Amino acid sequence: MSVPSNLPAWQALQAHHAVVADLHLRDMFAADPDRFTRFSRRFGDLLVDFSKHRITDEAFGLLIELARQAQVPAWIERTFNGEIVNHTEKRAVLHIALRNRSNRPIFVKGQDVMPEVNAVLEHMRKFSDQIRRGKWRGFTDKRIRDVVNIGIGGSDLGPKMICQALEPYGDPSLRMHFVSNVDGAHISHVLTECDPETTLFIVASKTFTTQETMTNAHTARAWLVRELGDEAAVAKHFVAVSTNAAGVSKFGIDTANMFEFWDWVGGRYSLWSAIGLPIVVYLGMDHFIELLEGAHAMDEHFRTAPLEDNLPVILALLGVWYIDFFGADSQVMLVYDDYLRSLPDYLQQLDMESNGKSIDRDGKPVKIDTGPILWGGLGNNGQHAFYQLLHQGTHLVPADFLAPAHSPVPTGDHHPILLANCLAQAEAMMVGKTEAQARAELEKQGLSGDALEQLLPYKVFPGNRPSTSLFYRRLTPQLLGSLIALYEHKVFAQGAIWNINSFDQWGVELGKQLANAILPELKGERPVAGHDASTMALIKFCREED
């Protein structure tokens with residue numbers, strides 16, 4: 001398959017879109033009392049309601065047929081079988097092996113990777129037990145109280161999001177910090193909160209050369225040595241997640257405290273690997289295993305469920321429906337769960353780094369729209385910020401609403417109020433408010449004549465804004481594992497449909513290359529030359545003395 005739009009199902013969807021484009025969701029619900037039953041699915045304690053989408057039974061059937069014609073089931077099998085599906089980097093993509101709780105053999109180039117996966121998990125367990133039980137002591141023989149993860153991208157977003165999300169399961173005697181930004185203010189702020197005698201640093205960099213990560217790591221190292229007065233302190237306060245043993249040793253870290261992972265683990269899929277070490281330290285290995293079990297359950301669902309019941313495939317197809325047939329260029333994540341406040345940031349990397357592609361698997365420019373601009377935040381806060389655009393703006397923005405039925409922190413009426421707002425916003429986006437309804441409300445308020453007519457247009461809500469509601473009983477480690485894997489597989493299924501490689505990220509390279517050329521010019525080590533006039537002027541401005 002080279003051009004998805006040539007598939008018969010795609011062309012049938014184009015024809016059907018003309019039929020359904022003007023249908024309104026409130027009318028579809030009024031005409032069909034069973035709509036929720038047909039267009040929702042349960043997965044354990046997770047309820048996924050996609051009935052508030054602009055689909056008919058025919059549209060749903062055509063979307064499922066599109067997945068078949070795009071060979072989504074075959075791509076799933078190729079991935080789970082360890083085939084080279086990341087063709088530009090010639091790599092298998094096997095984050096599913098990291099959470100393979102069945103322990104069935106998974107082969108890469110003829111070798112079962114599960115023994116190595118299990119060995120690293122055991123290494124993580126032993127190390128985290130030492131920290132949590134107070135057996136690992138700092139240079140001055142004090143117990144570790146602060147853990148600072150130094151990474152960027154997948155080495156930061158995933159562990160930070162999980163530790164925040166599962167804080168009720170964390171060790172209250174440990175404070176977790178995450179440093180990613182190369183802006184010196186970030187590492188400086190974190191260090192002011194830490195005691196060098198009781199702080200452990202986890203440096204997460206596969207190559208141990210990542211510029212931002214290693215700059216922050218060397219700053220932290222210098223701070224520690226300065227405060228404790230001895231280079232030997234480094235080995236007691238630093239560990240590494242890396243594959244570069246020589247670089248780790250040169251830094252002063254004992255390679256016995258280096259945790260490995262493999263080239264078939266992509267950065268944005270790496271929280272399940274040794275990159276998840278801060279998660280294990282904070283939550284304990286048993287809760288980390290529950291996280292893996294939840295992801296594994298979703299993996300098995302993705303691999304075995306019929307397409308019409310397959311949650312990642314359904315979400316993927318709905319995204320394709322809006323991006324390529326309705327012209328929606330963004331999607332918003334509306335999280336009504338403060339513990340998941342970093343989930344939109346995490347999903348931004350997962351989705352936009354994976355499917356922000358304009359070249360297909362055959363090396364040709366794509367002829368369709370691919371990955372959406374993904375954004376969002378805490379839903380209740382967003383109601384007072386960007387929901388105006390969602391309700392009455394000119395853009396069609398499909399939304400995902402996420403909320404727990406039960407709060408881990410029941411406080412007065414807080415949670416019922418939170419849920420009421422979430423449910424109301426999804427309903428409001430769907431039904432809107434007609435001109436007749438708005439007129440009746442204004443008349444009830446005592447308005448009439450020109451005053452009513454002038455205000456009336458501003459009180460109308462078009463509605464017909466699609467959304468998926470993902471509700472869960474409680475945010476447990478297992479539920480969170482399933483939820484993250486659901487979005488991982490959704491992104492992959494969309495990439496398969498669009499015929500793009502969801503697992504490389506060449507788009508991040510150019511900026512890094514140019515930054516390496518600009519840095520010595522900014523520092524005055526080399527004349528400013530070879531750039532456009534704007535860049536050269538900006539470099540010179542930055543070099544001016546205060």
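## The surroundings of Ser51

Ser51 touches Leu25, Phe29, Arg35, Phe36 and Phe39, leaving aside residues up to four places away in sequence; contact here means heavy atoms within 4.5 Å. This is a predicted model, in which local features need pLDDT of at least 70 and side-chain atom pairs count only at pLDDT 80 or more, while totals for chains, interfaces and linings use all residues. Residues are numbered from 1 along each chain as its sequence is written, and side-chain values use heavy atoms, with hydrogens and water left out.

Ser51 is found in the loop between β2 and α4 (57–69). Helices (H or I, at least four residues) and strands (E, at least two) are DSSP runs, numbered from the N terminus. With a relative accessible area of 1%, Ser51 is buried; the term buried means under 20% relative accessible area, exposed means over 50%, and partly exposed lies in between (1.4 Å probe, protein chains only). The side chains of Ser51 and Asp49 are joined by a polar contact of 2.6 Å. Such a contact is a pair of N or O atoms within 3.5 Å; within protein, one must be able to donate a hydrogen and the other to accept it, and residues adjacent in sequence count only if both atoms are side-chain atoms.

## The six-stranded sheet

Six strands form an open sheet with mixed pairing, in the order β1-β2-β13-β12-β10-β11. Two strands pair if DSSP finds at least two bridges between them. The edge strands, β1 (40–43) and β11 (373–378), each pair on one side only. From one strand to the next, the twist averages 15°. Helix α16 (residues 343–355) packs on the sheet, touching β10, β11 and β12, and its direction makes about 170° with that of β11. Axes are lines fitted to C-alpha atoms, for helices over the stretch in contact, and angles run from 0 to 180 degrees between N-to-C directions.

Strands of a sheet pair through backbone hydrogen bonds, either parallel or antiparallel. Strand β2 (residues 46–49) runs antiparallel to β13, with four bridges between them, and Val48 stands opposite Leu470 in β13. β12 and β13 pair in the parallel sense over six bridges; here Ala403 stands opposite Phe471 in β13. Strands β10 (residues 330–335) and β12 (residues 399–404) run parallel and are joined by four bridges, with Phe401 in β12 as the bridge partner of Leu334.

Strand β13 (residues 467–472) is largely enclosed by the rest of the structure, because six of its six residues are buried. Both of its faces are covered, with Ser467, Ser469 and Phe471 on one side and Thr468, Leu470 and Tyr472 on the other.

## Two asparagines with positive phi

Most residues other than glycine have a negative phi. Asn464, although not a glycine, has a positive phi of about 60°. Asn464 lies in the loop between α21 (449–455) and β13 and counts as buried, at 9% relative accessibility.

Asn499 likewise has a positive phi of about 60° without being a glycine. Asn499 is found in the loop between α22 (477–498) and α23, and is buried, with a relative accessible area of 5%.
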